[in-house]
Amino acid sequence: MTPAMAAALGVVVGAVFATIATHVAMRIRLAAPPPDPGPERQRVLDALRAGGVLVGDQDEILGANTAAADLGLVRGDRVAIPALLELVREVRRDGETAAVNLDQTRSGRTGQRLAVRVVRLDDGVVLVVADDRAAALRVEASARDFMANATHELKTPIGAITLLSEAAEQAADDPEAVRRFTGKIQGESARLTQLVTQIVQLSHVQGTQLATLSMVDIDEVVATALDRSRHLAEQRSVSLTTSGARGLSIRGSRDQLITALVNLLHNAIHYSDTKARVVVTTRLVPSPDGDKIAIGVSDNGIGISEEDQRRVFERFYRVDFARSRQTGGTGLGLSIVNEIVEAHGGSITLWSRVGSGSTFTMELPAAPDLEEDA
């Protein structure tokens with residue numbers, strides 16, 4: 001064999017082997033399973049704030065995030081809500097994206113209003129994204145109720161001022177009548193001012209968390225609140241006293257805590273008879289979950305019935321409307337207290353008996369350094 005023929009044969013053999021190797025490699029790649037998309041899908045689902053579920057072509061769960069489980073969308077490897085499963089099948093069949101609201105009632109929980117969006121992906125896979133809008137809807141309803149109640153409450157003093165000013169104008173030739181009418185106008189103006197002030201206070205604290213916390217001296221809070229309430233107490237011949245532990249402190253808003261205590265004191269004074277006594281008590285309450293500081297306001301006034309006790313923290317609710325009207329009460333004071341206490345991570349309780357008086361107690365988390373020393 002000549003060298004030229006050997007070289008040509010080598011080229012041919014090499015080409016054949018290269019073709020065979022390429023063919024074998026392609027067969028190996030075709031036989032190998034494709035990369036598993038599961039982890040990538042799960043990462044996408046976990047990135048969602050809303051509940052996210054991937055449903056396969058046999059209605060099996062291919063992936064779900066924690067929010068979906070919390071919302072009750074899945075149970076094991078299946079869709080837990082029958083209406084949602086029917087929607088998934090419909091979207092898989094028709095290919096049309098669906099967006100619906102589903103009302104769900106779960107055992108031991110408040111009702112859910114699920115805003116659901118269902119989208120068909122490839123290979124019969126369906127994506128479900130759902131979010132519970134029940135809380136947001138309750139906030140919206142609460143805001144509407146608040147505006148309606150506030151508007152109604154504002155109309156009362158404004159209407160009274162209008163009528164009294166007209167009456168004073170018509171009685172211009174009767175100085176005594178003018179003085180009487182202007183005195184009532186001043187009273188209604190004061191009531192209107194108090195109402196607007198408390199509406200503003202409530203709007204500032206409602207549903208908010210405190211952005212910054214500072215060390216608050218409870219002795220100072222009590223002393224300031226008593227000073228701000230002393231004039232009202234003297235007008236009604238009510239004595240103000242204090243008792244309990246001193247040197248307590250918490251982390252919170254000094255101004256808000258003073259506002260809360262002033263509202264409790266004014267409420268106690270208004271619902272006490274003349275020569276009654278209102279007492280502010282402070283004490284440390286040890287607890288395995290973290291020590292608390294209890295600030296109580298007690299009176300020996302008219303007391304509150306069990307039925308009214310369930311509603312006293314509602315906005316604009318009055319236990320004794322006639323007395324509240326006489327004293328200029330707005331029905332917002334205890335609502336403001338409740339909002340402030342919740343913003344501080346605390347709770348407020350009420351003990352009362354008709355004819356024997358009432359005690360409102362705010363329990364607030366003690367400052368960390370106080371807990372360490374306790």
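**Terms and model**

Contact means heavy atoms within 4.5 Å. Helices (H or I, at least four residues) and strands (E, at least two) are DSSP runs, numbered from the N terminus.

The model is predicted: local features need pLDDT of at least 70, side-chain atom pairs count only at pLDDT 80 or more, and totals for chains, interfaces and linings use all residues. Residues are numbered from 1 along each chain as its sequence is written, and side-chain values use heavy atoms, with hydrogens and water left out.

**Entry 1: the whole chain**

I counted elements first. The chain has 12 helices and 14 strands. Then I checked burial (buried is under 20% relative accessible area, exposed over 50%, partly exposed in between; 1.4 Å probe, protein chains only). Of the 374 residues, 39% count as buried. I also looked at sequence separation. Among contacts between residues at least 6 apart in sequence, 61% join residues at least 24 apart.

**Entry 2**

I traced pairing next (two strands pair if DSSP finds at least two bridges between them).

One of the partners I noted: G51 bridges to A130 in β7.

What lies across this sheet?

**Entry 2: the cores**

I searched for nonpolar cores (sets of buried Ala, Val, Leu, Ile, Met, Phe, Trp, Tyr and Cys residues joined through side-chain atoms within 4.5 Å). The largest has 45 residues, and L261 and M362 have the most contacts inside it. At least two residues each come from α6 (175–205), α7 (218–235), α8 (254–270), β11 (277–285), β12 (292–299), α11, β13 and β14 (357–365). The largest share, nine residues, comes from α8. A second, separate core of 22 residues includes L71, V91, A98 and L114.

I then selected M362. Not counting residues up to four places away in sequence, M362 touches A260, L261, L264, I293, A294, I295, V337, V341, S347 and I348.

**Entry 3: α7 on α8**

α7 passes α8 in a right-handed crossing. (A crossing is left-handed if the near helix is turned anticlockwise from the far one by less than a right angle, and right-handed if clockwise.)

I listed the interface. On the α7 side are E220, V221, V222, T224, A225, L226, R228, S229, L232 and A233. They meet R254, L257, I258, L261, V262, L265, H266, I269 and H270 in α8.

**Entry 4: β12, β13 and β14**

I followed β14 to its partners. β12 and β14 pair antiparallel over eight bridges, and I295 has M362 in β14 as its bridge partner. β13 and β14 pair antiparallel over seven bridges. L350 stands opposite F360 in β14.

β13 and β14 form a hairpin with three residues between them. G355 in the turn has a positive phi of about 85 degrees. Is G355 buried or exposed? G355 is exposed, because its relative accessible area is 58%. Leaving aside neighbours within four places in sequence, G355 contacts G301, I302 and G303. The C-alpha atoms of G355 and I304 are separated by 8.2 Å, though the residues are 51 apart along the chain.

I ended at α11 (333–343). This helix is mostly covered: 10 of its 11 residues are buried. Among them are L334, I336, V337, I340 and V341. Just after the helix, G345 takes a positive phi of about 75 degrees.

H344 sits in the loop between α11 and β13 (347–353). H344 counts as buried because its relative accessibility is 9%.

What does the H344 side chain reach? I checked polar contacts (pairs of N or O atoms within 3.5 Å; within protein, one must be able to donate a hydrogen and the other to accept it, and residues adjacent in sequence count only if both atoms are side-chain atoms). The H344 side chain reaches the backbone nitrogen of S253 at 3.0 Å. The H344 side chain also reaches the backbone oxygen of I340 at 2.9 Å.
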